[in-house]
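How do you read a protein model, one feature at a time? Look at the structure first, then follow the dialogue.

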Amino acid sequence: MKSLQTEGPIKIGLMGAGSVADFGHGPAIASEPGVTLHAVFDPVFERAVALQKKFDAPHAFHDRELFFSSGIEAVTICSPAPTHKDNVLECAKRGFPVLCEKPLAMTDADGEEMIDAMSQANLPLAVGFCYRFSPVAKEIKRLIDEKVVGEVRSMRLIYIWNLHGIYETDSNGAKIYSPQRTERMLEGGPMVDCGVHQIDLAHWWLQSECEKWSSTGAWVENFEAPDHVYLHMRHQNGALTTVEMSFTYCHTARDPISHFTYQIIGTEGIIRYDRDSGVFEVRKTNGTDYLPWSHEKNFEGMYEEWNRVMRTGEMGHMPTGVDGVKAVAISRAATEAAIANR
Ligand SMILES: NC(=O)c1ccc[n+]([C@@H]2O[C@H](COP(=O)([O-])OP(=O)(O)OC[C@H]3O[C@@H](n4cnc5c(N)ncnc54)[C@H](O)[C@@H]3O)[C@@H](O)[C@H]2O)c1
């Protein structure tokens, strides 16, 4: 794969100046010395300018051609899922390495087309599975690889929350409808939007493909996709993973709470991570190890790895386009099966 021979920081162009660009990619690019934010593109020019100012980037555009010819060397795609394909294909044509947000594609065929275009151009295509780079996820990988809890037989990966709530509060304190959750439900619902991270973690941790799955869904509201989904996967090595995702847990509550947990059950003990109560531990016959807790996402770690990938052409632990398609294919099929059995 082509690698960049840039001496200084790699000039990143960012497409889509919305929420994840603002809280995730912008700060991570700023913190990684190997990269720098050079240009921001958003069809809504004010958004591009706001991000440009916040992260001190030289350029902001609402014209895609000007963005591509502004001197950028690589592209981060943070636009909504239905626009990923077009943006990736344009980057492949112009020779830019791409880090694209999840869910990578709206269909398997689109995902394959994106992978083919990037691989024919000999360019890296990475997917923004930022959970892999959390110190917690990396430690779980090490614990599993070293069989600290024996053979893993079962994993429970749960995230039930309210996706920022269906209402936002406006500047007068009034409740107003939030379009964000509606958009995410129309793009496929919680398993497609968030569950892809857990499906990817299950593959990465166990290094074993899902050979069989089943799913069920519950409807709290009347979107086509279920807003609460259970996915049961059987891996080739015999281990089971359950992924449980909800966007409507406490969604009408004034004081919402959420649950984000990983539970890894092995023949000689368990690993437990609980984001909301700050627990990360290993329980075995000889006692309990309390491990350092950290947040489940890590955009900074992702850019550290992405900088290395772009300079060496070696993917290492960076999630690939193939990983992205695999995760989204299972998440979408699971959601469709739940809909069919409604
Ligand atoms: N990895 C994570 O933890 C994480 C978290 C949140 C969102 N995401 C993903 O990131 C993507 C963006 O989510 P968001 O919450 O920031 O959405 P958002 O709606 O807040 O922002 C999207 C931005 O993209 C712009 N846009 C629209 N069409 C575009 C196009 N064709 N090209 C470039 N920009 C375009 C919009 O004007 C908007 O400013 C989604 O795929 C989402 O699933 C990932």
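Predicted model: local features only at pLDDT ≥ 70, side-chain atom pairs only at ≥ 80, totals over all residues.

Q: Into which domains is the protein divided?
A: Domain bounds come from an automatic or database domain assignment. Here domain 1 covers 10-130 + 301-320, and domain 2 covers 135-296. Their centres, taken over C-alpha atoms, are 26 Å apart.

Q: How much area do domain 1 and domain 2 bury between them?
A: Buried area is the accessible area (1.4 Å probe) that two parts lose on being put together, summed over both. For these two domains the value is about 830 Å², with 61% of it on carbon and sulfur atoms.

Q: How many salt bridges are counted between domain 1 and domain 2?
A: A salt bridge needs a side-chain nitrogen of Lys or Arg within 4 Å of a carboxyl oxygen of Asp or Glu. The count between the two domains is one. The side chains of Lys102 and Asp193 form a salt bridge, at 3.1 Å from N to O.

Q: Which peptide bond is cis?
A: Start with the general idea: most peptide bonds are trans. The bond from Lys102 to Pro103 is cis, with omega near -20 degrees. Pro103 sits in the loop between β5 (98-100) and α5 (108-120). Such labels follow DSSP runs, numbered from the N terminus: helices are H or I of at least four residues, strands E of at least two.

Q: Is Gln198 buried or exposed?
A: Buried means under 20% relative accessible area, exposed over 50%, partly exposed in between (1.4 Å probe, protein chains only). Gln198 counts as buried because its relative accessibility is 0%. Gln198 belongs to helix α8 (residues 190-206). Leaving out residues up to four places away in sequence, Gln198 touches Tyr131, Leu157, Tyr159, Val243, Met245 and Phe260.

Q: Where is Ser246, and which residues does it contact?
A: Ser246 is in strand β12 (residues 240-246). Ser246 is buried, since its relative accessible area is 1%. Beyond neighbours within four places in sequence, its contacts include Tyr159, Trp161 and His228. Ser246 and Tyr230 are 16 residues apart in sequence and 8.9 Å apart in space, C-alpha to C-alpha. A polar atom of the Ser246 side chain also lies 3.4 Å from the backbone nitrogen of Tyr249.

Q: What is the phi of Asn122, and what is the phi of Cys250?
A: Again, the general idea comes first: most residues other than glycine have a negative phi. Asn122 has a positive phi, near 60 degrees, and is not a glycine. Asn122 lies in the loop between α5 and β6 (125-127). Cys250 also has a positive phi, about 70 degrees, although it is not a glycine. The place of Cys250 is the loop between β12 and β13 (259-266).

Q: How accessible are Asn122 and Cys250?
A: Asn122 is partly exposed, because its relative accessible area is 37%. Cys250 is partly exposed too, because its relative accessibility is 23%.

Technical notes:
Residues numbered from 1 in each chain as written. Heavy atoms only, no water. Contact = heavy atoms within 4.5 Å. Polar contact = N/O pair within 3.5 Å; in protein donor to acceptor, adjacent residues only side chain to side chain.
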